[in-house]
Amino acid sequence: MSPVRRCSRTACGRPAVATLTYVYADSTAVLGPLATYAEPHCYDLCAEHSERLTAPRGWEVVRLADASAPSRPSGDDLEALANAVREAARPQQRAAEAGGSARSADPMEVARRGHLRVLRSPDN
C-alpha cells in the first residue's frame, strides 16, 4: 500500500490535499487541510476535486484555510517590500553623491576599494 493518500473520488488516482467532512445536523460540508489520519466518515480529495466541490441545495460549504501552507503575498506585502528596498538603497546613493564623506569619519582610513579599506599605520 502506498504511503501517499489518494483522492476518494472514483477513478481519481491523484494525491489527496484536503479532507471533506459532513456535519449533517447543520447541513454543512467542511473542507479543510488533509487530516493527519484517514477517518472512516471523511473523504480525502485532490486539489482539482477540492476546488470544484459543491454542496447540495440548502447546504453550506465551509472552507478552512491551511495554516501550514505558504500564504500568497498581498498587494500590501509587495508594496512594503518595495518600500524597504528603496529605503535600503538610499544611504548608498547619498554617500556616492557626497563624494565619500564616510571616509572622513575614520581618521585612520587612507583609501577604499570596494569593501576593502587601506588604513594609516598607527605609528604615523
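Visitor: Before anything else, what is pLDDT?
Guide: pLDDT is the predictor's confidence in each residue, on a scale from 0 to 100. This is a predicted model, in which local features need pLDDT of at least 70 and side-chain atom pairs count only at pLDDT 80 or more, while totals for chains, interfaces and linings use all residues. Residues are numbered from 1 along each chain as its sequence is written, and side-chain values use heavy atoms, with hydrogens and water left out.

Visitor: OK, and what is the mean pLDDT of the protein?
Guide: The mean is 79, and 77% of the residues reach 70 or more.

Visitor: Where is confidence lowest, and where is it highest?
Guide: Confidence is lowest in helix α2, residues 75–97, with a mean of 71, and highest in strand β3, residues 42–45, at 94. Helices (H or I, at least four residues) and strands (E, at least two) are DSSP runs, numbered from the N terminus.

Visitor: Let's turn to the sheet; what is the order of its strands?
Guide: The four strands form an open sheet in the order β3-β1-β2-β4, with mixed pairing, where two strands count as paired if DSSP finds at least two bridges between them. Because β3 and β4 (60–63) stand at the edges with a single partner strand each, one side of each is left without a neighbour in the sheet. From one strand to the next the twist averages 25°, with axes being lines fitted to C-alpha atoms, for helices over the stretch in contact, and angles running from 0 to 180 degrees between N-to-C directions.

Visitor: How many bridges join β2 to β4?
Guide: Four bridges join strand β2, residues 28–33, to β4, and the two run parallel. In this part of the sheet, L31 stands opposite R63 in β4.

Visitor: Switching to backbone angles, which phi value does A11 have?
Guide: Phi of A11 is near 65°, a positive value in a residue other than glycine. Most residues other than glycine have a negative phi. A11 is found in the segment before β1 (18–23), and at 84% relative accessibility A11 counts as exposed (over 50% relative accessible area, with buried under 20% and partly exposed in between, using a 1.4 Å probe and protein chains only).

Visitor: And what about phi of S27?
Guide: Phi of S27 is near 50°, again positive in a residue other than glycine. S27 is found in the loop between β1 and β2 and is partly exposed, with a relative accessible area of 25%.

Visitor: Last one: where is A55 found?
Guide: A55 is found in the loop between α1 (47–51) and β4, and counts as partly exposed at 26% relative accessibility. The C-alpha atoms of A55 and Y22 are separated by 9.8 Å, although these residues are 33 residues apart along the chain.
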